[in-house]
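Reader: I would like to learn how to read a model one feature at a time. Please give the general idea, then the case at hand.

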Amino acid sequence: YLGLGWIYNLQGKFAQAEEALNKALELNPKSDSAYLGLGWIYNLQGKFAQAEEALNKALELNPENDPVSLGLIGTYLSQNKILEAEELCKKQLEIDPFDDKLQAALATIYSTKANPGLMEEYFRKANELRGEYYLPSVIENYRKLKEILDQRGIRLVCAQYPMRSVEPLKKVFEATWGIIFIDNEKIFKEAVKNDGYKIYFLDMAGGDFGHCTPKGNRLLAENIAEVILEKVFGK
């Protein structure tokens with residue numbers, strides 16, 4: 001039932017997903033994963049009070065569940081409960097002070113509070129903890145992709161995650177000549193600073209970013225398109 005609930009969720013069948021996850025909780029009332037699934041479903045539907053309740057139950061069952069705490073922080077931000085988001089983030093960092101996603105989440109909270117000093121401090125801490133955060137398999141795939149495209153005379157375009165520095169992505173390659181890197185850090189940080197986090201992201205899956213809202217997807221697509229038009233087509 002737990003797996004079925006997540007499958008329905010991915011298909012956008014929220015009623016069926018909720019039914020399956022509630023069935024999972026009947027069989028195992030201590031399933032933090034089931035409560036996390038319910039919180040995810042409610043967030044996607046804009047039912048933030050219900051999402052908050054479900055995620056709080058999940059966190060009570062497993063205080064060290066990182067996706068749960070990040071989900072709850074995102075839910076607080078979606079309701080403009082900035083203080084609650086900040087307090088939860090600091091509390092979770094007491095459990096694991098080396099969690100880069102929580103450090104980034106706290107930076108995002110301070111961007112919402114218009115505190116640039118603390119925002120930059122916690123973004124810096126998050127980046128220091130990440131270090132060389134690409135898996136060897138990811139690096140190998142990127143390099144193999146470039147090799148294939150080079151053989152066909154096609155330029156490789158690499159887009160970084162929203163809110164993240166493009167520099168670690170550049171370090172994946174031994175040489176960056178001929179590669180177009182798309183930086184989505186500055187444009188998203190500026191947008192979040194001006195309009196708020198919830199306008200662009202549905203959750204905090206990455207700590208400082210999450211799955212995009214329609215407006216977030218549009219901002220991402222437009223930025224990528226503009227760079228490609230300029231760098232590839234000279235427009």
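Reader: Where is serine 31 found?

Author: Helices (H or I, at least four residues) and strands (E, at least two) are DSSP runs, numbered from the N terminus. Serine 31 is in the loop that runs between α2 (14-27) and α3. This is a predicted model, where local features need pLDDT of at least 70 and side-chain atom pairs count only at pLDDT 80 or more, while totals for chains, interfaces and linings use all residues. Residues are numbered from 1 along each chain as its sequence is written, and side-chain values use heavy atoms, with hydrogens and water left out.

Reader: Is serine 31 buried or exposed?

Author: Buried means under 20% relative accessible area, exposed over 50%, and partly exposed in between (1.4 Å probe, protein chains only). Serine 31 has a relative accessible area of 9%, so it is buried.

Reader: Which residues does serine 31 touch?

Author: Contact means heavy atoms within 4.5 Å. Not counting residues up to four places away in sequence, serine 31 touches Leu2, Leu25 and Leu61. A polar atom of the serine 31 side chain also lies 3.1 Å from the backbone nitrogen of alanine 34.

Reader: What joins the side chains of asparagine 65 and aspartate 32?

Author: A polar contact is a pair of N or O atoms within 3.5 Å; within protein, one must be able to donate a hydrogen and the other to accept it, and residues adjacent in sequence count only if both atoms are side-chain atoms. Here the side chains of asparagine 65 and aspartate 32 make a polar contact of 2.7 Å. Asparagine 65 belongs to the loop between α4 (48-61) and α5 (66-78). With a relative accessible area of 12%, asparagine 65 is buried. Its contacts, leaving aside neighbours within four places in sequence, are with Asp32 and Leu59.

Reader: Which helix holds glycine 37, and with which residues is it in contact?

Author: Glycine 37 is part of helix α3, residues 32-44. Its relative accessibility is 1%, so glycine 37 counts as buried. Beyond its neighbours within four places in sequence, glycine 37 is in contact with Trp6 and Leu21. For a distance across the fold, take glycine 37 and alanine 54: they are 17 residues apart in sequence, and their C-alpha atoms are 8.6 Å apart in space.

Reader: How many helices and strands does the protein chain have?

Author: The protein chain has 12 helices and 2 strands. Along the sequence they follow the pattern α-α-α-α-α-α-α-α-α-β-α-β-α-α. The radius of gyration, taken over C-alpha atoms, is compared with a globule rule of 2.2 Å times the number of residues to the power 0.38. The protein chain has 19 Å, close to the 18 Å that the rule gives for 235 residues, so it is as compact as a globular protein of that length. Along the principal axes, its C-alpha atoms fill a box of roughly 55 × 40 × 30 Å.

Reader: What percentage of the residues of the protein chain count as buried?

Author: Of its 235 residues, 43% count as buried. Among contacts with a separation of 6 or more, 49% come from residues 24 or more positions apart.
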